[in-house]
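Reader: I'd like to learn how to read a fold feature by feature. Could you walk me through one?

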Amino acid sequence: MCGIVGYTGYREAAEVCRLGLLRLEYRGYDSYGIATLSPSLSVYKHVGKISDSATSSNHLRGDTGIGHTRWATHGVPSEKNAHPHLDAKKKIAVVHNGIIENYAELRRGLEERGVVFASDTDTEVIPHLIAEHYTKNLFQAVESILPMLKGSYALLIITEGEDTLVAARNGSPLVLGVGDGEYVLGSDALPLLDYTRQAVYFEDGDTAEITRDGFTIHNKGVSVSRNITEIEWNADEAKKGGYQHYMLKEIFEQPEVFANTLSSIKSKSEAVDMIRNAHAITIVACGTSANASMIFSYLMEGICHIPTRVILASEFKYFPTMFTDLVIGVSQSGETADTLAALKLAKDRGSQTLAITNVLGSTITRVASLVLYTRAGPEMSVAATKSFTSQVAAFLQIVNLLSDYKLETELSEIKRYLPEILSTDLSKAVDLCKNATTLLYIGRGLFYPVALEGALKMKEISYIHAEGYAAGELKHGPFALLSPKTPVISTCVSNCVYPVMMSNLKEIKARNAPIIVIGKNCDKDLEDVADVCIPLPAVSEYGAVVLSSVILQLLAYQTAVSLGNDVDMPRNLAKSVTVE
Ligand code: M6R
């Protein structure tokens with residue numbers, strides 16, 4: 001939620017910031033803004049997406065600057081609420097990612113001292129507080145006001161009269177790219193990639209003073225040194241590469257991602273040992289990561305016989321007695337506030353903690369005792385696709401390594417069929433979906449989380465109401481919704497639940513709801529019951545889980561495109577949910 005960038009060096013800072021913000025736009029896209037020093041402070045703000053902006057920040061001059069792309073928390077998206085925020089004399093500029101929880105109290109105090117506010121944001125208290133404490137040294141002024149702030153922040157600050165960029169981190173991510181005679185800062189590593197692969201990941205409590213000649217970092221008033229890490233991603237991975245949307249590119253990357261993730265997980269690893277030795281596991285995750293984790297829980301219970309449950313990370317704290325020896329936090333971004341909070345709580349309760357994430361250096365990697373990377377590469381689309389498949393690949397590989405029942409054949413089948421599933425013709429299914437008022441996704445066993453994920457994908461980018469249900473639950477209420485305008489979507493393969501799924505589908509057909517079914521080669525029974533049958537190759541149940549999930553991603557994508565929606569940046573959403 002919100003992305004920030006900063007630059008100091010020899011280039012035009014406004015352009016570096018604008019390009020960096022484009023890379024961070026997945027974090028929020030209500031409005032954006034840039035400030036540069038040349039040597040006076042110039043500011044540009046725009047309501048809406050950077051890519052849609054008719055005007056631009058190109059007129060801003062100077063080789064030091066900061067920028068921000070916003071996902072509104074305090075105050076509607078508008079020019080006055082867009083960052084950077086300034087002090088009353090318009091000399092100090094601040095961009096902020098996070099939430100200042102005590103801003104109302106701080107604002108009241110500032111107003112009593114005569115400060116007039118220009119925005120509704122929590123952030124604006126920061127430049128005013130710095131101005132009150134400023135005596136010709138920005139870094140010192142920032143250090144003196146930070147103890148007043150409660151909440152989370154990644155901050156970048158500049159002021160007229162100093163060639164310094166000041167950064168501070170507490171609970172929100174911030175990375176410093178170390179280039180040759182230049183420094184680039186970002187909420188993640190993506191804005192850095194065109195300039196350097198050398199990165200310093202700030203820790204909570206760090207404040208930094210950066211000039212084009214070097215940087216120093218303090219923590220609790222003491223100078224500290226931080227390791228420089230090599231970023232594994234490259235700039236091309238974060239580009240659309242000829243695809244119309246990031247989401248489509250990421251869907252098409254899945255054959256490679258699936259294979260990469262499988263091969264990256266080794267039997268002799270501390271993370272796999274940690275899972276092997278657990279008596280019971282709790283997984284905390286949100287959204288797509290929670291759906292993928294549910295697949296893991298079915299696999300762990302069914303094959304490895306280790307009790308494994310998934311608790312939505314935002315609910316974990318409401319189960320105060322919950323304790324398992326191992327708690328796993330699953331998060332693509334590694335920055336989801338609820339997942340981080342749940343994992344910290346689990347640690348406090350004495351559980352061992354493991355993070356499964358895609359992003360090197362993300363906050364979750366510092367919270368958990370051990371980390372396992374899914375290695376899906378940068379995921380730019382708000383709708384998660386390849387990260388889901390990489391998480392499922394990781395889970396299948398873990399189960400393969402832990403159990404006596406080897407999944408090698410099943411995993412090879414998935415690798416073989418993933419490329420061909422991408423060209424499945426979904427036109428008839430899209431026609432049914434795009435005219436629907438509600439879509440119900442149903443499944444049993446491993447296909448219940450597949451249904452949940454299919455529905456999540458559809459609703460977030462098509463804006464059609466879609467719900468995932470365990471097929472057995474349909475008669476306990478949702479049946480009342482069935483009508484010719486509520487298609488029901490299901491994966492139905494020949495496993496132990498096939499007969500009961502067939503009965504469920506017939507009951508649905510008897511109530512005139514259209515049926516879209518994904519089934520192995522669409523046998524006669526399925527053809528009879530379904531309005532649209534989408535064929536799967538003859539793969540195992542595990543193969544059907546992965547392949548049908550990819551089909552449901554494509555169905556959501558094609559439906560959203562046919563409705564003319566902005567697939568990569570759906571309304572009201574942001575990719576990284578860094579607030580509770
Ligand atoms: O980065 P995380 O995996 O922790 O993100 C969790 C959810 O916010 C995320 O999966 C979200 O549900 C996706 N936009 C769904 O496509």
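Reader: Let's start with a proline. Where is the place of Pro84?

Author: A word on the source first: this is a predicted model, where local features need pLDDT of at least 70 and side-chain atom pairs count only at pLDDT 80 or more, while totals for chains, interfaces and linings use all residues. Residues are numbered from 1 along each chain as its sequence is written, and side-chain values use heavy atoms, with hydrogens and water left out. Helices (H or I, at least four residues) and strands (E, at least two) are DSSP runs, numbered from the N terminus. Now, Pro84 sits in the loop between strand E4 (64–70) and strand E5 (85–86). The peptide bond that joins His83 and Pro84 is cis, with omega about 0°.

Reader: Which residue does a cis peptide bond join to Pro39?

Author: That's Ser38, and omega there is about -15°. Pro39 belongs to the loop between strand E2 (31–37) and strand E3 (41–47).

Reader: What is the phi of Lys136?

Author: Phi is near 70° for Lys136, a positive value in a residue other than glycine. You'll find Lys136 in the loop between helix H3 (125–133) and helix H4 (138–145).

Reader: On to sheets. What is the order of the eight strands in the antiparallel open sheet?

Author: Two strands pair if DSSP finds at least two bridges between them. Here the order runs E3-E2-E4-E1-E10-E9-E11-E15. At the edges are E3 and strand E15 (229–230), each pairing on one side only. Inside that order, strand E9 (residues 175–178) and strand E10 (residues 183–186) pair in the antiparallel sense over four bridges, and Val178 has Tyr183 in E10 as its bridge partner.

Reader: Which strands does helix H1 lie across?

Author: For angles, axes are lines fitted to C-alpha atoms, for helices over the stretch in contact (heavy atoms within 4.5 Å). Angles run from 0 to 180 degrees between N-to-C directions. Helix H1 (residues 13–24) lies across strand E1 (3–8), E2, E4 and E10, and runs at about 155° to E1.

Reader: How many strands form the parallel open sheet?

Author: Five, in the order E22-E21-E23-E24-E25. From one strand to the next, the twist averages 20°.

Reader: Which side chains have polar atoms by the ligand's oxygen atoms?

Author: A polar contact is a pair of N or O atoms within 3.5 Å. Among them, an N or O atom in the side chain of Thr336 is 2.4 Å from a ligand oxygen; for Ser289 the distance is 2.6 Å, and for Ser333 it is 2.7 Å.

Definitions and conventions. A polar contact is a pair of N or O atoms within 3.5 Å; within protein, one must be able to donate a hydrogen and the other to accept it, and residues adjacent in sequence count only if both atoms are side-chain atoms.
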